[in-house]
Amino acid sequence: MHLRYGDTSVECTIPEGRVRAVIRATLPLQPLSPSELIAETLSRLAASFNSFNPGERVVIVTSDITRYTGSELYLPPLVAELNRRGIADRQITILIALGIHRRQTEAEHRKIAGPLYGRIRIVDHDCDDPGRLVSLGTTGNGIDVVINRLAVDADRLILTGAIGFHYFAGFSGGRKALLPGIGGRRSCLASHFAVLNPEPGRGRHPKATIGVLDGNPVSEALADACAMVNPDLILNTVLAPDKRIIALFAGPWDEAHREGCRFYAKHFTSQVQEQADLVVASCGGDPKDINLIQAHKAMEYASRALKEGGVMVLLARCRDGYGNPTFFSWFRHRELPEFEAALRERYEINGQTAYALLDKAKRFRIILVSDLPNAEVRAMSMVPAATLDEALATAGQMLPTEYAAYVIPEAGTVLPIIQTKPV
């Protein structure tokens, strides 16, 4: 079996009889091609587009390069539909939802926009430019919602993206394109701070977790923010592990997103009978392992299939390093109580991800195959390995003689669920 690693693949060899299962998503049969799916979806939106008027200014929000959505496929026909409604290219702006991420390169803009590059105006969101931000009000849990002015001032706003699991917002897609996608830095930080229990020392809120929307304080804050802007519509893709579009959900921002989340949860969870001693997981290659912040998602999902104290081998090349220059510095905090206290005192989104990573590094023994420096991997309480073979050899020294293993080739997209035994 071969597992993806960056833009390459490596062979995974585990002794015969040790692999309990290969955990994969259960994809529905899709007779339509991606282009046919997109065309069908846009035709179903005819009533929504009928309300668009010639000459209106339209802003289309789409994800940055770290979150592939199929934008180069759906943006051109979406713009063509707007053109048919009398909205010219010069009246359309593609706004890249960077959140607090770095600006995109010209090559990355080309990948995101496809044939629209050079034809439609593309703007990178800047979370730190007060002149480009506007305050809209406060969410139910007290977050000041500050959003990119382009989106607020537009006559029409369309949010695009991809639906998937999110380790504390429940699901990606939908409202996340607005906050944190085009939010001011303080709004982004505050929305993510809701992941923590209100009481110090209690760690993460129990409902701020994968696959949960209702009762999730992070997701509810994001929904409150989105309701303030009330986008005209969303268009969200669901991607197969090979990045092929297999479904689209479009229409009213909350309704269409929830429908897509139900679809995703149905097809991208995998029932397993019990947790294993060893999990060998690949993020799924680039861009899911472009940096450690992105790769952490696969680590989180894969950990659901692992016994407490078990061994995880994670393939995550991290060609772009950590994904943010402040991420690694958080590992000066070696113990979770100290880490949590520091996070509450000076919250950063990258610190939250680092805290979640350290939590798993303390609960499991994680062997990381990556391009990151060995000393820094050890400082994060993980074991470095240069190759998968080296990682498996190291794992063999940590495992019981009669160990059981799972292999997860696309750990960035599938969530293992332990089957509940009947009472």
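Is Ser270 buried or exposed? That was my opening look-up, and I kept in mind that this is a predicted model. Ser270 comes out at 13% relative accessibility, so I put it down as buried; the cut-off for buried is under 20%.

**Entry 1, Ser270.** I found Ser270 in strand 14, which covers residues 269-272. Next I looked up what touches Ser270, skipping neighbours within four places in sequence. The contacts are Ile23 and Arg24, plus the run Val414, Leu415, Pro416 and Ile417.

I traced an open sheet of six strands and wrote the order down as 6-5-4-9-12-13, with mixed pairing. Which strands stand at the edges? They are strand 6 (121-124) and strand 13 (245-251); each has a single partner strand, so one side of each has no neighbour in the sheet. From one strand to the next, I get an average twist of 20°.

Strand 12 (residues 233-239) pairs with strand 13 in the antiparallel sense, over six bridges. I picked out Thr237 and found that its bridge partner in strand 13 is Leu248.

Helix 3 (residues 71-84) packs on this sheet. I listed the strands it touches: strand 4 (58-63), strand 5 (92-97), strand 9 (156-162), strand 12 and strand 13. The direction of helix 3 makes about 170° with that of strand 4.

Helix 3 brings Ser71, Glu72, Leu75 and Pro76 to the contact, while helix 4 brings Lys111, Ile112 and Ala113. Sorting the residues of this contact, I get four nonpolar, one polar and two charged.

How many aromatic pairs does a search of the whole structure find? I noted 15. I looked closely at Phe193 and Tyr347: the ring centres are 5.1 Å apart and the planes are at 90°, so I logged the pair as edge-to-face. This pair links distant parts of the chain, with Phe193 in helix 6 and Tyr347 in the loop between helix 10 and helix 11, 154 residues apart. Phe193 is partly exposed at 32% relative accessibility, whereas Tyr347 is buried at 10%.

Phe331 and Phe339 gave me another edge-to-face pair, at 6.3 Å centre to centre and 85° between the planes. Both of these residues are buried. They also belong to a cluster linked by ring pairs, together with Tyr322, Phe327, Phe328, Trp330 and Tyr355.

Phe339 sent me to helix 10 (residues 336-345), where it is one of the buried residues. What covers the buried residues of helix 10? I found that the cover includes helix 6 (185-193) and helix 11 (349-363).

Arg18 lies over the face of Tyr403, at 5.4 Å from the ring centre. Arg156 has its charged end over the ring of Phe52, 4.7 Å from the centre.

Notes:
Residues are numbered from 1 along each chain as its sequence is written. This is a predicted model: local features need pLDDT of at least 70, side-chain atom pairs count only at pLDDT 80 or more; totals for chains, interfaces and linings use all residues. Side-chain values use heavy atoms; hydrogens and water are left out. Buried means under 20% relative accessible area, exposed over 50%, partly exposed in between (1.4 Å probe, protein chains only). Helices (H or I, at least four residues) and strands (E, at least two) are DSSP runs, numbered from the N terminus. Contact means heavy atoms within 4.5 Å. Two strands pair if DSSP finds at least two bridges between them. Axes are lines fitted to C-alpha atoms, for helices over the stretch in contact, and angles run from 0 to 180 degrees between N-to-C directions. Rings of Phe, Tyr and Trp (its six-membered ring) pair if their centres lie within 6.5 Å; planes under 30 degrees apart count as stacked, over 60 as edge-to-face and the rest as tilted. A charge sits over a ring if NZ of Lys or CZ of Arg is within 6 Å of the ring centre and within 35 degrees of the ring normal. Ala, Val, Leu, Ile, Met, Phe, Trp, Tyr, Cys and Pro count as nonpolar, Asp, Glu, Lys and Arg as charged, and the others, Gly among them, as polar.
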